Amino acid sequence: MTNKIIILSMLTILTSACSKDSTSSISSTTPAPTVNNTVPDVFKKVYGASSITSDGTYITIKSNGAPDHKSSYYATSNALYDNFSGVTFGGYNFAKNPNSISEKSYVFKIPADPKMATNHMATPLGAIGVSLNGVPFFNQYAGPNQPLTGEVVSFDRYWGHPAPTGQYHYHVEPLYLTTVKVTKSSLLGFLLDGFPVYGPEENGTLVDNTKLDAYHGHTAVTTDYPAGIYHYHITSNDPYINGSGFYGSPGTVSQ
Ligand SMILES: [Zn+2]
Ligand SMILES: [Zn+2]
């Protein structure tokens with residue numbers, strides 16, 4: 001009994017020590033991913049994974065894809081349910097879609113050493129990459145050749161929404177990451193080709209779409225890659241995350 005009390009007190013101390021502030025109780029309850037020691041440090045920034053492993057060729061990231069932040073698409077009984085109304089992405093008034101969040105079993109297999117591809121594959125519908133909190137990135141389409149335009153009204157407070165199958169995802173800037181967890185200049189995740197995804201700013205300066213190539217990226221030095229690397233930037237204008245396909249050769253994703 002005494003031992004139990006000691007352990008409980010220690011847990012309480014640890015939990016409060018990990019909390020950034022009293023409102024981030026969600027992140028403090030997210031267990032740290034199991035990581036094997038051959039995983040490059042930059043991939044360890046994906047804090048919303050259940051495990052991150054490397055076989056030297058591929059980094060395997062597993063996540064349930066459910067956001068660690070409030071959403072209008074959680075059940076009202078969930079602590080993360082958000083009774084949100086008001087303005088969302090693009091200045092539109094939020095209009096909830098009929099879907100709700102369900103947990104998945106994502107396995108992202110991402111090249112550890114990304115290389116430019118000779119033929120740039122178009123991104124598929126569904127997950128095209130993984131963000132720091134384990135939520136997948138989707139491309140700029142609502143369906144085959146359907147622009148996102150009609151969908152953006154259903155983006156919640158943090159600019160994500162679920163598909164009819166329950167997969168929560170981001171087509172645009174993941175606002176919880178860029179405003180609460182990290183910054184608008186930070187690494188936000190990876191596309192399936194292994195190239196990193198950054199926010200709408202570079203060292204605090206807004207990235208102009210005209211400075212990006214057809215795939216929505218460019219090569220430059222970043223904090224995480226001091227030797228320079230090709231990387232994507234998420235901007236506020238279509239195509240948002242990725243343009244005309246993957247810059248490199250994509251790995252795989254299953255759910
Ligand atoms: Zn969508
Ligand atoms: Zn950049």
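I'll start with the core. In the largest nonpolar core there are 46 residues, and those touching the most other members are Val46, Ile61, Phe137, Leu188, Leu191 and Val197. Keep in mind that this is a predicted model.

Which elements supply at least two residues of this core? They are strand E3 (58-63), E4, strand E10 (168-170), helix H3 (175-181), strand E11 (187-191), E12 and E16. Of these, E11 gives the most, with four residues.

What is phenylalanine 137 in contact with, leaving aside its neighbours within four places in sequence? The list is Ile128, Gly129, Ser131, His169, Tyr170, Gly189, Leu191, Val197 and Ile241. Leu191 and Val197 in that list were also named among the core residues that touch the most other members.

Now the protein as a whole. Its secondary structure comes to three helices and 17 strands. There are 255 residues in the protein, and 37% of them are buried. As for contacts with a separation of 6 or more, residues 24 or more positions apart account for 64% of them.

Next, the strands around E16. Is strand E16, residues 229-233, mostly covered or mostly open? Mostly covered: four of its five residues are buried. E16 also supplies at least two residues of the core I began with.

E16 has a parallel pairing with strand E12, residues 196-198, over two bridges. In that pairing, tyrosine 198 stands opposite histidine 233 in E16. E16 also runs antiparallel to strand E15, residues 217-220, and four bridges join the two. Here histidine 218 stands opposite histidine 231 in E16.

The last item is a sheet. What is the order of strands in the open sheet of five? The order is E1-E2-E3-E4-E17, and the pairing is mixed. At the edges are strand E1 (34-35) and strand E17 (252-254), each of which pairs on one side only.

The pairing that E17 does make is with strand E4, residues 106-111, in the antiparallel sense, over three bridges. Within it, phenylalanine 108 has valine 253 in E17 as its bridge partner.

Methods: Residues numbered from 1 in each chain as written. Chains lettered and ligands numbered in written order. Predicted model: local features only at pLDDT ≥ 70, side-chain atom pairs only at ≥ 80, totals over all residues. Pairing = 2+ DSSP bridges. Buried ≥ 20, exposed ≤ 12 C-beta atoms within 10 Å, placed from the backbone. Contact = placed C-beta atoms within 7 Å. Core = buried A, V, L, I, M, F, W, Y, C linked by C-beta atoms within 7 Å.
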